[in-house]
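Here are some notes for you to read with the model open. They go through a few pieces of secondary structure in turn.

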Amino acid sequence: MNRRLFLKQASLVSVGGLLFPSGMFSACRKDDLFKGSAYQGKVIVVGAGAAGLYAGYLLKSKGIDFTILEAAAYHGGRMGKKSGFADYDIDTGAQWLHGRNSILGDLVAKNKVATTLDTSELSYWFNKQIVDTLPKDPFIFEGKNLPDVSFKDYAVQLGFGDEYNYIIEAIAADQGAAASQISAYWNSKDEENWVAGTEDFKFSKTYFDFIEEYIANPVQSNIVYNTPVKAIDYTNESIQLTDAGNKVWTADKVIVTVPVSILKNNEITFSPLLPATKTEAFSKFGMGAGMKVFLKFSRKFYKPVLYGGQVCAAYVDDSVGKTTNDHVLLAFVMGTQAANLHSLGSDNAITDALIKELDSIYSGQASAAFMASSVHDYTNKPFIKGAYGYSTVGMGNAREVAAQSVNDKLFFAGEAMNVSGHHQTVHGAVESGYKAVLDVLSSVKK
Ligand SMILES: Cc1cc2nc3c(=O)[nH]c(=O)nc-3n(C[C@H](O)[C@H](O)[C@H](O)COP(=O)(O)OP(=O)(O)OC[C@H]3O[C@@H](n4cnc5c(N)ncnc54)[C@H](O)[C@@H]3O)c2cc1C
């Protein structure tokens, strides 16, 4: 969501030394890394989210034979758009371009794609009042040497009282987790190489439209939809992938870009079994409930960004950066709060719970002005099953191990496999797709 605040100092820290150090970004945006790599084999990419689409885009640009097998009937994964809810299209998944120093930032600049810097001011629901500042700065989860305890426990250690609980929850929500689930140490450690920048941008159209136009359209004819991969046998030189309809596909190299939730749940079986270190690494990721609920009102009575709700820790004015006459508030809900809303069982019940909370914050104005809602729940969404991977207590180097290739045949990409600090983002997923293609080509040259 609003990483600008969370990462206000993180961009100053860059230690390098990981598998995909930050310095590689400028280098990896140069085509010469691909020079001399005319590969003759067949590549199969599993998953057509941002990572898989970008891997395909690069393979196509190199003239390499490839197919993308996508489980769903559509591409985009955790990106999408909905028309007709408001007088502008809403981003049902990813929405903000976090920073500009990335492959996608370059693509935006090169094509002069219309974006707006999001400078929305942050307010808080604190001690049952709306305030613009807090007695203590809650942005404590930055820098080095934080303890390997949850955000919640760390806040308690620093003397934050219960009145800060849902503000800390909002900061954790930005990382796709509940405050009790995410590690202060590993979250900051995993993000220390973040170099994309700290400003957030919104697309005048949608983030999905941008990916569609510049990355997905060129590879659409290579995507086979409704094809969940169930098994990957990499025993022999020719790798066999079996889909849910028992059709067998063959490839020389496979790039797996499915969400880490799918790998954690063993929804794809591997023969031979993946190394135990790798499956253990998958298991260390958190990936929990998450949803976006758009609430349309007849007038604007709310703050641009409000942290601290008990039902939803972060409410955001969605119309910022859009040309619109509508008033749309986004409830950005993650972790336990999302699980609680999900358990209500219907979009109406979820909407009612949010309106009730907004009424209590804004003195009954929400129900008086309410027009419509649009709920986008990723919690149990088929083939996604959660929001995004987060760093748990005891995470260790799981991210690096999870991202490693196996036998120069299987390559892993997707937001959770980004080891350069940009995980949990679209540009991070794209970078992981880049790295996977680079690794495929390097493996051939050996
Ligand atoms: C609510 C929400 C809001 C977000 N907001 C932002 C934001 O503002 N900015 C930002 O940068 N990021 C945001 N993110 C994160 C961002 O959406 C993701 O990091 C990114 O889209 C992930 O891309 P991916 O390719 O790694 O995975 P995915 O997009 O999940 O793609 C994986 C694909 O694999 C497919 N698949 C799964 N299993 C199989 C199988 N067995 N066989 C074949 N295919 C399979 C899936 O259907 C899916 O299409 C948000 C995420 C959520 C959930």
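1. Ground rules first. This is a predicted model, with local features needing pLDDT of at least 70, side-chain atom pairs counting only at pLDDT 80 or more, and totals for chains, interfaces and linings using all residues. Residue numbers start from 1 along each chain as its sequence is written.

2. Have a look at the three-stranded sheet. This open sheet runs S5-S9-S6, with antiparallel pairing (strands are DSSP runs of E, at least two residues, numbered from the N terminus; two of them pair if DSSP finds at least two bridges between them). Strand S5 (96-98) and strand S6 (115-117) are the edges, each pairing on one side only. From one strand to the next, the twist averages 35° (axes are lines fitted to C-alpha atoms, and angles run from 0 to 180 degrees between N-to-C directions).

3. Now for S9, residues 200-203, which is joined to S5 by three bridges, the two running antiparallel. Across that pairing, Trp-96 sits opposite Lys-202. S6 is also linked to S9 by three bridges, again antiparallel, and there Leu-117 has Phe-201 as its bridge partner.

4. Which way do the S9 side chains go? Asp-200 and Lys-202 point one way, Phe-201 and Phe-203 the other, and all are buried (20 or more other C-beta atoms within 10 Å of the residue's own, with C-beta atoms placed from the backbone).

5. Next, helix H8, residues 207-216 (helices being DSSP runs of H or I, at least four residues). Its buried residues are Tyr-207, Phe-208, Phe-210, Ile-211, Ile-215 and Ala-216. They lie on the same side of H8 because they cover an arc of only 155° around the axis (the arc is that of the directions from the helix axis to the C-beta atoms). As background, an α-helix has 3.6 residues a turn, so residues three or four places apart point the same way.

6. Last, the five-stranded sheet: open, ordered S10-S2-S1-S14-S23, with parallel pairing. Its edge strands are S10 (223-224) and S23 (410-412), each pairing on one side only. Three bridges tie S14 (residues 253-256) to S23 in parallel, and Val-256 stands opposite Phe-412 in S23.

Key. Buried ≥ 20, exposed ≤ 12 C-beta atoms within 10 Å, placed from the backbone.
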